[in-house]
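Reader: I would like to go through this model feature by feature. Please give the general idea each time, then the case at hand.

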Amino acid sequence: MIGPAPSVRTMPSMPKQRIAGLADLIEGAAVCVQLDGAPLCVVRVESRVYVLGDTCSHAEASLSEGEVDVDDLTVECPLHGSAFRLVDGVPTGLPATKPVATHEVTIDGDVVFVELPAP
Ligand code: FES
């Protein structure tokens with residue numbers, strides 16, 4: 001017997017918000033953007049843009065002050081050196097063990113939008 005399809009629950013999110021112009025983002029570098037009081041680490045690699053929580057999950061350093069590895073698609077925490085994958089925020093090495101949040105990005109023409117979870 002086949003039961004009902006499992007329901008898919010998604011986190012409510014805020015409307016898309018503009019965070020930058022694509023041309024304003026330097027290829028292969030991280031910048032910090034404050035949005036609704038939340039610091040975000042914004043990284044452009046070629047035509048893609050990644051948005052992560054800017055606060056390192058280990059000891060709260062600012063990831064946007066770290067180095068971006070465009071080959072591995074990671075950003076390295078400037079304080080103790082854990083690298084976080086841009087696609088999902090998972091650390092690739094110690095001392096950080098917990099991921100940082102990642103956020104959905106939409107690029108419309110030259111404008112970059114992000115969706116943050118609802119508070
Ligand atoms: S504060 Fe980022 S690895 Fe320690």
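Author: Start with the loop between β2 (30–35) and β3 (38–45), where D36 is found. Strands here are DSSP runs of E with at least two residues, and helices are runs of H or I with at least four residues, both numbered from the N terminus. This is a predicted model, in which local features need pLDDT of at least 70, side-chain atom pairs count only at pLDDT 80 or more, and totals for chains, interfaces and linings use all residues. Residues are numbered from 1 along each chain as its sequence is written.

Reader: What is the phi of D36?

Author: Phi of D36 is positive, about 55 degrees, although D36 is not a glycine.

Reader: Is D36 buried or exposed?

Author: A residue is buried if 20 or more other C-beta atoms lie within 10 Å of its own, exposed if 12 or fewer, and partly exposed in between, with C-beta atoms placed from the backbone. D36 counts as exposed because it has 9 C-beta neighbours inside 10 Å.

Reader: Which loop holds E46, and what is its phi?

Author: E46 lies in the loop between β3 and β4 (48–53). Its phi is also a positive value, near 55 degrees, in a residue other than glycine. With 8 other C-beta atoms within 10 Å, E46 is exposed.

Reader: How should I read the strand order of the open sheet?

Author: Strands of a sheet pair through backbone hydrogen bonds, either parallel or antiparallel. Two strands pair if DSSP finds at least two bridges between them. In this model, an open sheet of six strands has the order β1-β9-β8-β4-β3-β2, with antiparallel pairing. β1 (17–21) and β2 are the edge strands, each pairing on one side only. On average, neighbouring strands of this sheet are turned by 30 degrees against each other, direction ignored; the axes are lines fitted to C-alpha atoms, for helices over the stretch in contact, and angles run from 0 to 180 degrees between N-to-C directions.

Reader: How many bridges join β4 to β8?

Author: Two bridges join these antiparallel strands. V51 stands opposite H103 in β8.

Reader: Where is P95, and which residue does a cis peptide bond join to it?

Author: P95 sits in the loop between β7 (83–85) and β8 (102–108). The cis peptide bond joins L94 and P95, with omega about 10 degrees.

Reader: What does the chain as a whole contain?

Author: The protein chain has zero helices and nine strands. Buried residues make up 29% of its 119 residues.
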